[in-house]
Amino acid sequence: AFMELFWADLSRIGTGTLANWLGMMKLSYEAPQVLGDCFLGTTRSKIANAIGSLVNAANWILRWPITGLNTAALVCALTLLLRQRFIEIGSLQPFLTIELPIVLAGLLALLAIGAVFFARWRVHKDIALTDIGMSTAAFSLLLAFGIVAARTVIVPEAMANPAIYLMGAGTAIFGFWLIWNYAILIAIVLLAALTIGQVFSGRTDGSVPLARPAAAIGLCIIQGVLWKILISLLWIFIFVTLDFNDRTVAACATDPYHACSYLAGIQKDLTGIVVFNLLMVGVLALAFWSIAGARAVLRLIARRRTEPTEIYMPRIVVSPLVVFVMLAGTLFNLIIFYWRSIIPVDFYSQVDVTLVPVADVIRILVGGGSALTIAFYLFRALQHASRGILHIVRDLVDHQYSPRFTFSRSFLPATNDQRGDHPRRARIEARLDVLMQDLVAKEKFDRLVFVAHSQGTVILHDYLSTNRDELSIRDAKAIDVVTLGSPLSYLYQYYFAKYAAISMGREALNPRLSSWTNMWRIDDPIGNRITMRAGDFIRNVPLKPGGHVDYWKDETVCRAILDLIDPKPPAPFAHQAAVAKADATLSG
């Protein structure tokens, strides 16, 4: 019997542009936390454990204070913008008699309540939007209490200035960004110390693979860069639209705290943040292009060979070059924004980008149909190119995802989820379990042949190792496995400590396992040879270049599967030679 199991739709990425970008936003929240925890599990190295604590703290700062404060502050800024518009309309001024501190404190309280309900709605669906809701609720309340407390010590004339509120929020936000930057800096320094220690002392079996802490730091940096660009662009839009210096001339003139001057300086800082982080993204793009170019040249060389043989391909998933660029770019940004005095050239002073009014920008874009057309097609091309990467990282995150129980859980509905430490992995494996129990066990097959591709090979590996006593497997006399484009060694064994151990044979996976054939294309960015079993039990078969998909169309793959299902009898000549050799042995 032939049965095919689809499971990838369980990642719930959806289709369409909006679903794609929403999936990327969720992934940018979950990947650093989920994968970072797996990369930095408890080790015997104090330095590695310290790196893990710093990266977890940096991830928490991004997910909670920075997200919550920015969301609450942006809502307040939009409210201030709307209020400014009402003030400019003379007939509406009598309706604006409530003091500004009371308006903002009440708005923040309502925002906190709404954010909690939003988090409760999303808690069973995804962790990203749940965290956004809870962080917004927590820091909206903190800002509301801050406004109430400030009202008792700051003169009413100053509290009537809208700029004073954004100045307070901006100071807190930049303070947390400072903590985040220095946490990453210390983690990079510790990573360098760990590297130097392993180089001079000699790496042992108990050493922490440097790729794991480096990848964890890199994921956190990527999330930080994306948030810096996005948040800075939003605030530039707010500041250009509000224009405190023009609309609040009287309040700014009598402000003892110089809030308007502070916000004017913030505009230049935000422009610099966008420019330098976009520069870092550009260098990252060049690094990816250089890796892709090197792989393309090696792919051409491999295609000219008559037989597929293993060839070194530079790693494209969490490439060491990409990680180095991220670490170096972070240090460069620290120098630019915090250590200008120690370098001879002040790069930051060269940032003199004129903030074009938003209305003019929209008028130019709308007036030029060709510009909109080009932007649309570039947007679609980026979405199409990122979709494959999105699915790959989504698979990794879903396999390692484990729910976190924090203080926010008390505000969320109780869960009856009994699927263990990895509920998403369990949900995917449950499909395979249903197929095995309802079909395979009832038909009482005496032989099983599993053919799995990509992430399916990881699911199959975990299923065979944890369900060895199930009826559907126990009745099978033999189990054969064919894996295609498997990331078991290339990604899981390389980064995750749980998969790093090498067992002595097939019994460690399943005693009924009779053969394991692993096939991968030599230019596959995800799949590679599997070295999780000692000896030569796993038969690794490299294939000609062709990428990560459509293995089913390869003749070598089809032949391997058919030979397992219906083994060919030995050729007559080979059979006669074997009989003659046996007769000679017996007569001897």
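**Exercise 1. Determine the handedness of the crossing of α2 and α4, and how the two helices are oriented.**

Step 1. The crossing of α2 and α4 is right-handed; that is, the near helix is turned clockwise from the far one by less than a right angle. Helices here are DSSP runs of H or I with at least four residues, numbered from the N terminus.

Step 2. Helix α2 (residues 46-88) and helix α4 (residues 127-151) pack at about 65°, with axes 7 Å apart. Axes are lines fitted to C-alpha atoms over the stretch in contact, and angles run from 0 to 180 degrees between N-to-C directions.

Step 3. α2 is therefore roughly perpendicular to α4 (65 to 115 degrees; under 35 is roughly parallel, over 145 roughly antiparallel, the rest oblique).

Step 4. The residues of this contact (heavy atoms within 4.5 Å) divide into eleven nonpolar, six polar and two charged. Ala, Val, Leu, Ile, Met, Phe, Trp, Tyr, Cys and Pro count as nonpolar, Asp, Glu, Lys and Arg as charged, and the others, Gly among them, as polar.

The model is predicted: local features need pLDDT of at least 70, side-chain atom pairs pLDDT 80 or more, while totals for chains, interfaces and linings use all residues. Residues are numbered from 1 along each chain as its sequence is written, and side-chain values use heavy atoms, without hydrogens and water.

**Exercise 2. Describe the packing of α6 and α11.**

Step 1. Helix α6 (residues 162-201) meets helix α11 (residues 320-338) at about 135°, with axes 11 Å apart.

Step 2. The two are therefore oblique to each other.

Step 3. Their crossing is left-handed (anticlockwise).

Step 4. The contact includes Trp177 of α6 and Tyr338 of α11; its residues divide into eleven nonpolar, two polar and no charged.
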